[in-house]
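Subject: The structure, and what turned up in it

Hello,

Here is the structure I promised you. Please open it and keep it beside this message as you read.

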Amino acid sequence: MHGRRTQKAAVSWTLMYCQAIRNTGQIEQRRGLSELYKRMTKPQPEDAKDKDVAKDKAAVKDKEAVKDMPQLSISSIPKPKIRVPRIDPNTMARAQAPKELPKDPKLLADEYIADLHSANWGGEETWVRFSRLPQKSHTFLRDIDINCTLANIRGTERALSRRGRSTPTSNTLSRMLEVFEAAKLANIVPDRYTYQELIAINVDLLNFNYAHDWLEKMVVQGIKPTIRPYRTILKGYSTVSSELDSARRLWHEIKTKIAAGLIAGEKSDEVATTVDLLTYTSYVAAESKAGNFALVVGVLEEMDQAGIKPDITLRNTVLDGLVRHKGLDAGLQEAELMEQSGYELNGYSYTTLLNATIKEQRDEEIHKLLEAAAAKNIVPPAYLMQKLTLDPFDVLSIMAKLEASHKVRLYNVLIESAMRGNDFTQVLQLIDHLKQNNVPANVVTYTLLFDALNKAGRLDQAKSMFTKVFSSGELTPDAHIYSIMIDACGRHGDVKTMFWFKNEMQRQGLAVSEPVYNSILSALSQWRNGNLQAVMVTASEMERVKPTVKPTCRTFSAIFAAFATQAQRRRLGLGELEFLQTWYAMATDKYYVAKDSYYYFMAVNAFVCAQSLPDAMTAFSDMVRSHKVSHVSGRFMKNPVRMLDLIKLAIEHQEYGAALEIWNNWQRLRLPPISKAVELALFACDQMGQPTVAINIIRGLLSMDEDVYCPQFVDESVLALYIAMMTKHSMLDAIMPVVHLWTTAMTAECGSEPVLSESTVAKTVAMLRGNSHPGAAAIANELLTHVDAHFPDATPV
């Protein structure tokens, strides 16, 4: 009953003050706008009259209290007591089970140390586990434990950045600093490895001044640094062209301190006597990137005098700089000189030279370089092959000198290059060419083929090819091929075949990995004809298999998406809701998942669709506290209706404080304007008896000097609702200032005066004139004068 009433109330708010016009004599005797709408849509039973009398008396007291109410803001509203949904007896029994007594701090520290050094924790899990240690446990940690914690937090972020999926952030640095401060409070003395981790993260973030500060703190503490922290900073300088002068100063500082015996040896307590090869390479990279090759030659001579021979990495660094600044010819001369000096050009060398030939369009040199690479069994990478203007079959002809065992690698690279260009016809042509030339295909070849067929939408052809290739037994599909087929079947909605491939994979004794489970769950989340039983069984299987498959952020997002899809079609059962609640909790408490914006978006969406307000508010609060809140904003900007649904859910549960909390964060998330959200916020203010909060909301949206300025939220419907609300609460003095503010703000925003309809003005004026308040008629006349001056077409006849 209540849900139906509020659902209708969210559709047409104008009906509220239209009814007030027809019942002006009774408007002061009604409890609120929702009560007004309820009486309009459905007659009350006779036994409800006595209850209304009590409500009317309470309303009079509330109205008197409102007059003396101090200025409020949304943030000052206490959090509401959200009702907890009914749960089954088994769940209640578990909830009432006695809590475990706190463990001994030393025992907790010992458990942390054992897992830290044996388990393969990621940065997120390491941080969460450390942050949950009580402060008393920190005293039982050693410096090596602190160093390992710092390395995990930084190292995982760094590894992800190398794969292009993440970059070190200020949040990573903040966590490392908190670990350092916790160790300091526990009287754990930092050693050189502690400082090296803090120096490295600052270099990753290009905070070179802070990196120098930490290096200075190390020296002040009495620790003689090795050359490693100096080299880390120097390497960072070499990546930034504007830091060349800093790199040179540091280079001279390193040599000066080595001469003075102020730098320790890398592997012992002995003093370093010379600059090592890696440090030379870092400085040469800085000078080569700037094109200062005279200085580079001087450094190479210095290395020769010190008895340090440059390796191929250093010479490739010089080669890269020459090609960038002096062109291909200079690079070819350097390559010839390298070979004369006994260096064998490697894949990086040929890639550098081929990039230059492509840029300068030197087709003849491309032929020569490809032939030379083939003679050394070097196959250029796929991204480089894609840049070539040569036909792939011409490339096969040019590189015919490749040994037989390496030819299949060339075919694989050319197939991958064709896939990068979405040329699936060429992929099949290369497969045919491979067979015609009796080059035995390997598993990688068919992996690329199946991937190409599936991306081209040819699932049936891929399944037929799978049977044809592997039925003979000459080749055995590996886990990667099964993963591709499972993912392709799932994307095409072929759930039955998807599970066949999974079962066949397990029958072959291959472990089902986390990406495979994610593909299955993603497919089930989009399978509208399915049920949640398959989702729950698949997710639970990840915990049962040995070794256990650890879920990732994508796993949880797929589970949430599946539940949201089904919850929109039917009401979730208690067991299903409990499963969803349990897995949401496990993401943090058991698996320490590094959550992204899509995770939070899908979690909120799932609980909203499940009509579970407590869980939706928990997920929403976690989202707001997340450091990825800016990315979350982007998710909700594309789907602002999801946020609106959350406010509606709070209204339906009569949790008006929760609705205002969501509205407050709506502004923080900078979501696009939706007038319905303002209407719901005003409705919540009315039900809580706090019209002053409503005034602050409207003024904040219309005042240019406010951070939440966004007049698009306030259309004429919202303005009319605001006037009706102020009239109801006898706060008539707050009407015209907002009307003037609305006219100014909307005019500045739209470039012309906003549109105001005659019907809206007529109904609003009639409501004011019919109100029993002594000043209502004067406000009506003042409103008409304002409308006549600014909106003459809207003046009622």
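**Confidence**

This is a predicted model. The protein chain has a mean pLDDT of 82, and 82% of its residues reach 70 or more. Over residues 1–99, however, the pLDDT is below 50. The model still gives that stretch 124 contacts beyond near neighbours in sequence. Residues 157–165 also stay under 50. For them the model has 8 contacts beyond four places in sequence.

**Helix 11**

Find residues 192–204, which form helix 11. Its 13 residues should span 18 Å at 1.5 Å a residue. The end C-alpha atoms are 18 Å apart, so the model agrees with that expectation.

Is this helix enclosed or open? Look at burial: 11 of the 13 residues are buried, so helix 11 is largely enclosed by the rest of the structure. Among the buried ones are R192, Q196, E197 and N202, along with L198, I199 and I201.

Now look at the two ends. At the start, a side-chain oxygen of D191 comes to within 3.1 Å of the backbone nitrogen of Y193. After the helix comes L206, with a positive phi near 65°.

**Helix 15**

Next, go to residues 277–290. How far apart are the end C-alpha atoms of helix 15? They are 20 Å apart, and 14 residues at 1.5 Å a residue should span 20 Å, so the two values agree.

The buried residues here are T279, Y280, T281, S282, Y283, V284, A286, E287 and S288. What covers them? The cover includes helix 13 (227–238) and helix 14 (244–259). It also includes helix 16 (293–306) and helix 17 (312–326). Just after helix 15, G291 has a positive phi of about 80°.

**Loops**

- P547 lies in the loop between helix 30 (532–544) and helix 31 (553–567). The peptide bond from K546 to P547 is cis, with omega near -5°.
- Q361 lies between helix 19 (347–360) and helix 20 (363–375). Its phi is positive, about 55°, although Q361 is not a glycine. Its relative accessible area is 66%; exposed means over 50%, so Q361 is exposed.
- Q611 lies in the loop between helix 33 (597–609) and helix 34 (613–625). Its phi is also positive, about 60°, and Q611 is not a glycine. At 35% relative accessibility, Q611 counts as partly exposed.

**Helix 41**

T744 is in helix 41 (residues 735–750). Is T744 buried or exposed? Its relative accessibility is 51%, so T744 counts as exposed. T744 and L702 are 42 residues apart along the chain, yet their C-alpha atoms are separated by 8.5 Å.

**Nonpolar cores**

Last, the cores. The largest nonpolar core has 184 residues. Which of them touch the most other members? They are F450 and W666.

**Where to start**

Begin with helix 11, where 11 of the 13 residues are buried. Then turn to Q361, which is exposed. Keep the pLDDT below 50 over residues 1–99 in mind as you go.

Best wishes

Terms used
Residues numbered from 1 in each chain as written. Heavy atoms only, no water. Helix = DSSP H or I, 4+ residues; strand = E, 2+ residues; numbered from the N terminus. Expected span 1.5 Å × (residues − 1). Buried < 20%, exposed > 50% of the residue type's maximum accessible area, 1.4 Å probe, protein only. Polar contact = N/O pair within 3.5 Å; in protein donor to acceptor, adjacent residues only side chain to side chain. pLDDT = per-residue confidence, 0-100. Contact = heavy atoms within 4.5 Å. Core = buried A, V, L, I, M, F, W, Y, C linked by side-chain atoms within 4.5 Å.
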